[in-house]
Amino acid sequence: MIWAVERSGLPWPLASFWGGASNFPRGFGVMSDRNRGGVGLSTTKMSIIDIRGKTAMSNTVEDMQQAIIAKLSHKNVPFKNHLLERQGKPAAEVLLRSIPTMVLYSDKGLAIFDQITYNPEYYLTNAEINIFQKHSQEMVEYINDGDCLVELGAGSLRKTKFFLEAISKAGKKVSYYAVDLSESSLKEAIDPLVKMFPDIDFYGLWGTYNDSLSWIAANVPSSVRKMYLWLGSSIGNLTREEAHEFLGNVKKEAMQKGDLFLCGIDRRNSFKDVSLAYNDTQGQTRDFIMEGLVHVNAIMGKQIFDITKFEYVSIYNETLGRHEAYYKVLEQQTIDLPSKIVLEKDEMINVEYSYKYSQKEILEMMHKTRLHHAGKWTDDSDRYDLHLFQNPYFYLDRKRPQNIPSLEQFRSMWEAWDLITGSMIQPSRMLFKPIHLRHPYIFYLGHIPAFLDIQVARCQGEQFTSPQRFAEIFERGIDPDCEDPTKIHPHSEVPDQWPDLDQVMLYRDRVRERIEKLFDAPISNRLARVLFMCYEHEAMHLETLLYMLVQDPDHSKPMIADPILKDFSKTSLPENHLVQVKGGKVILGLKDSEKMDAIRLSPEFGWDNEIGQHTVQINDFSIQHRPVTVKEYLEFCEDKPDLVPSSWKQINSHYFVLTAFGPVPIEKAYHWPVYCSHDQAFAYAADKNMDLPTEAELKHLIQSHGPTESDNYGFAQMLPTPVKPFQSGITELVGNGWELTRTPFEPYPGYEQSELYPGYSSDFFDGKHYVVLGASWATAASIALRPSFRNWYQAKYPFVFSKFRLVQRA
C-alpha cells in the first residue's frame, strides 16, 4: 500500500473508508502539477478537478472491517523487544496481532496529530520548516519557468508556502496541483495561497495518489518538467521495500527524464530524540494512538475495545531503524469480531511503523530505483534532511556483466556516451585539445565505434564498416611520455584534417546497428570476449573524456541536476585513523586466458595484465582509514606551488576544484579526496614520513572491505563526495577516485600478451607507469566490481581522478 500523510509512521491508504467528503482527512493524497499545452483549465480562479475513479483502489467501510478482523485474527507480525535488548536482556522473537494503521486517522485523530506537529519534541515538522526557511532560495535555482510542483500529502501547506514564496519572489512562473480525497480540504488549503501568490497557477485534483499519477501522465505534456514534493518523512510510513516500489512507480508512471523529486527523510537519530518524538512528555502521541481504538469501535459499529484496558507502548528499534507503536493489553479479555478472540495480559498489538534512514540506505534506495541523488539540505539541528532526487537521462547498471555484456548494457553505455559528448562538448569545439598530450575531442567520438567495429570485424572475418578509412585514423590514440612528449607508442595515422562531426555520427550509428544484429544469433566464446573488451574499452574512454572535459574551461554542464554542495570551511574534518592490518597471503590476478576461448566461455573476463593468478605474502602494516582530503593537501602545498594539483585552478588568488559542473570553491571541496598525480602523492607521503600502499596491500583490503552498494562509482555522482568518518571502518577503497599505489606496472608471472589487443598493456611496461586500483565516480561497475582489474598511469600524469592514502610499515 501507499500512504500519504505528513507524519512519518502515520500513513493513509490510497483510498479512504470515510463515507462523506467532509470526513476525508485534510492532508491525504496531495499532489500538484503544471497545467500547460491544452489541459484547458482557467487560471482566473482556483479550479478543482474531480479525477476520482481513475484507478481500482478503494477502501470502503466493509473493506476496513474485513482488514481489522483479518489482522486481529492472526498473529503474523514478527516482534522482538528492542528495549530489552538495549538493557542486555534476552528478547525472544514472537508473532503479534496487528491493527491497520489507517484507524489512527479519524477526525479527532487528525486534530490531535495537528497539535503534535507544533510540539518541539516532535522535531520533524520544525526541522523541515527550518530547512525551507534557510534554503528555499537555493531550491528555487532548480526551478524553471513553466515547471510543475507536484506535492504528495500537502496538508495545510505550512512548509510549502516558504518555497512558493521564494519562487514568487524569483519571478518564476510555475503551477501547483494539489491532490486530496476531500474537495473541501482542497479548497481550504489552496484558497489562501491563491491570494498570497497570484502569479502562481493553483489547481486541485480531487482523488487518490494513483488517480493523480494517471491524470498527470495523461494531461500534462511530457515536455513540461515536474518537481514532486513528498514531505514530513512520509516515506517512513512504508517499509524499505515498499518505499523502493513507490518511488519506482512514480518514476515510471509520471516522471520524464530530468524531472525532480524533493523528499523529506528523517535520519536514524539518537534513541532519546526518536523516542521523545513518538512518546512526548505531554502525552499527545499517546492520545493519538489510543484514539485509534476508539475509531475501531466506530468502524465496527459496536464496542470492540475498552481503551482503559490498553496502554500505548513506544519502541525505537535502532537495529532496524524504525519506530514501532503498539497497544499493550493490560488484562486478559475476549473481544467479539464477531468471532471471539482472547487477548492475553501483556500481549502486544502492532499499529504502526515509522522507518528512519541512514545516508547509506538512501543511496542504496537510489540505486534500486535508478534515481539520481543530487544531494540534501539539512536542518540546523543536523537531524533531518530534504533530499533531491532526479530521474536521470542515463543510468549505468551497477551490477557486473557476467560472461558477456547484454545489449541493454551496451545501449545504456551508448546513452551515457551520447549524453555526455552531446551536452558537454559544443560542436564548434570538436577540434579542441583540453589536454595537450591527447587528441582533440573528435578523435574519441570516432575512436569508440572504430575500435568496436575493428575488433568485431576481425573476430568475424568480415569487412570494416564504411567508410573503411576511419579504421586507419581512429583505431588507436596517443599517450605520450610526460617527460618527453616526442616518445609515443605506436598509434593510428593523424590526418591533416579530421572528418566532420556529422560523418563520424553516421559512422557511429552504422557500427551500433552492426553490434545490435550480433545479439540476434548465438555468440561464440571469442566474440563474447571481444564484446566484453569493447564494452570496457568504451567505459574507460568515457572516463578519460570526462577528465579531459573538466580541464576544458568552456565545457558545458552535464544534463543532470547540479549537486547540492556544503561549505566545509567551518566544519572539522573526520580524523584520519591508522588501522592495523594483519599480513598474510594475497591472491592476485585471474586464471583467464584467451587461448581457452576455443574450448569454453570464459567464466570471468580479464585484460591480459590481469592474467597469471598467483599468491604473494605481505607483512603487517597500518593504513589510513580514508583518503587524504583537499584541505589536508592544501595545507601541505601552500608553500609548494609546483605541487598544486591540475585538478585545481586559481581564480583571483583563490583556489577552485575543477569538476564536470565547473569550478567549485575549494571550501566546498575541503572534505573531498584530493585528486593528484603519483609524484605529488609521493611528495606528500615523504613529508609525513609515510608511504603509499603496494598493489598487494591494497588488493588485500579491497578483497575484504569493499566495495559497497553506496560507494561512489558508476556515476552515482558526477564529482567526488566527502570522505567518511572512522565508524564506517576502512572506506572508499573502490569509488570516489582511483587509489594510487607505489607498485610499478609490470606483468604478472604467467602473463600472456593479448592476441586481440597486443599493445593494451605491453606498451606501458616501462618503469614509468604505476598501478592504480579501485575506481572513480566515473568508472563503470564492470571495472569497479572486478577485484583483479588493474589500471595504470605515468607518475607525472596529473589529470586522473585518482586519490591516495598513506601506510606505515614496521
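This is a predicted model: local features need pLDDT of at least 70, side-chain atom pairs count only at pLDDT 80 or more; totals for chains, interfaces and linings use all residues.
Local features need pLDDT of at least 70, side-chain atom pairs count only at pLDDT 80 or more, and totals for chains, interfaces and linings use all residues. Residues are numbered from 1 along each chain as its sequence is written, and side-chain values use heavy atoms, with hydrogens and water left out.

Q: Why is serine 233 called buried?
A: Buried means under 20% relative accessible area, exposed over 50%, and partly exposed in between (1.4 Å probe, protein chains only). Serine 233 has a relative accessible area of 0%, so serine 233 is buried.

Q: What is the phi of serine 233, and where does the residue lie?
A: Phi is positive, about 55°, although serine 233 is not a glycine. Most residues other than glycine have a negative phi. Serine 233 lies in the loop between strand E7 (226-230) and helix H8 (240-254). Helices (H or I, at least four residues) and strands (E, at least two) are DSSP runs, numbered from the N terminus.

Q: What makes phenylalanine 715 count as buried?
A: Its relative accessibility is 9%, so phenylalanine 715 counts as buried. Phenylalanine 715 also has a positive phi, near 65°. The residue lies in the loop between helix H19 (695-705) and strand E23 (737-744).

Q: Which peptide bond is cis, the one that joins serine 466 and which residue?
A: The bond joins serine 466 and proline 467, with omega about -5°. Most peptide bonds are trans. Proline 467 is found in the loop between helix H13 (441-460) and helix H14 (470-474).

Q: How do you know that E23 and E24 pair?
A: Two strands pair if DSSP finds at least two bridges between them. E23 and strand E24 (residues 769-775) have 5 bridges, in the antiparallel sense.

Q: Why do E25 and E26 stand at the edges?
A: The open sheet has 4 strands in the order E25-E24-E23-E26, with mixed pairing. Strand E25 (791-794) and strand E26 (802-803) each have a single partner strand, so one side of each is left without a neighbour in the sheet.

Q: What makes strand E14 mostly covered?
A: In E14 (residues 372-378), 5 of its 7 residues are buried.

Q: How many bridges join E14 to E15?
A: There are 6 bridges between E14 and strand E15 (residues 384-390), which run antiparallel. Histidine 373 has phenylalanine 389 in E15 as its bridge partner. E14 and E15 form a hairpin with 5 residues between them. In that turn, aspartate 382 has a positive phi of about 60°.
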